[in-house]
Amino acid sequence: MNQRKLDHEVKTLQVQAAQFAKQTGQWIGMVENFNQALKEIGDVENWARSIELDMRTIATALEYVYKGQLQSAPS
């Protein structure tokens, strides 16, 4: 009788362990996806900073050229 109870408990534990392993695998997948999304956000942020610096440089250059044209124009 005790052996049957133990066998039943072992089978139950094996099923629960398999379910836990499956769930753990899903959690790991979710965390990896989340980490990848964070990396992509960081990449976009760096790209945006780079574009912003380029645009500021262009705006400064255009302003410099425009002011130079105003100064060299005959009155």
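Biologist: Why are Arg49 and Glu45 said to be separated by about one helical turn?

Modeller: Arg49 and Glu45 are four residues apart in helix α1, so about one helical turn separates them. Helices are DSSP runs of H or I with at least four residues, strands are runs of E with at least two, and both are numbered from the N terminus. This is a predicted model, in which local features need pLDDT of at least 70 and side-chain atom pairs count only at pLDDT 80 or more, while totals for chains, interfaces and linings use all residues. Residues are numbered from 1 along each chain as its sequence is written, and side-chain values use heavy atoms, with hydrogens and water left out.

Biologist: What makes the contact between Arg49 and Glu45 a salt bridge?

Modeller: A salt bridge requires a side-chain nitrogen of Lys or Arg within 4 Å of a carboxyl oxygen of Asp or Glu. The closest N and O atoms of Arg49 and Glu45 are 2.7 Å apart, and the pair therefore qualifies. The whole structure holds three salt bridges. Among them is that of Lys67 and Glu63, at 3.1 Å from N to O; these two residues also lie four residues apart in helix α1.

Biologist: Why is Arg56 called exposed, and why is Glu52 called partly exposed?

Modeller: Exposed means over 50% relative accessible area, buried means under 20%, and partly exposed lies in between (1.4 Å probe, protein chains only). Arg56 has 52%, so Arg56 is exposed. Glu52 has 39%, so Glu52 is partly exposed. The side chains of Arg56 and Glu52 meet in a salt bridge of 2.7 Å, N to O.

Biologist: How do you know that the rings of Phe20 and Trp27 are edge-to-face?

Modeller: A search of the whole structure finds one aromatic pair. The ring centres of Phe20 and Trp27 are 6.4 Å apart and their planes stand at 90°, so the pair is edge-to-face. Rings of Phe, Tyr and Trp (its six-membered ring) pair if their centres lie within 6.5 Å; planes under 30 degrees apart count as stacked, over 60 as edge-to-face and the rest as tilted. Phe20 is exposed at 52%, whereas Trp27 is partly exposed at 43%.

Biologist: Why does Trp47 count as exposed?

Modeller: Trp47, which is found in helix α1 (residues 2-72), has 56% relative accessibility and therefore counts as exposed.

Biologist: Why is Leu62 called exposed?

Modeller: Leu62 is also in helix α1, and its relative accessible area is 57%, so Leu62 is exposed.
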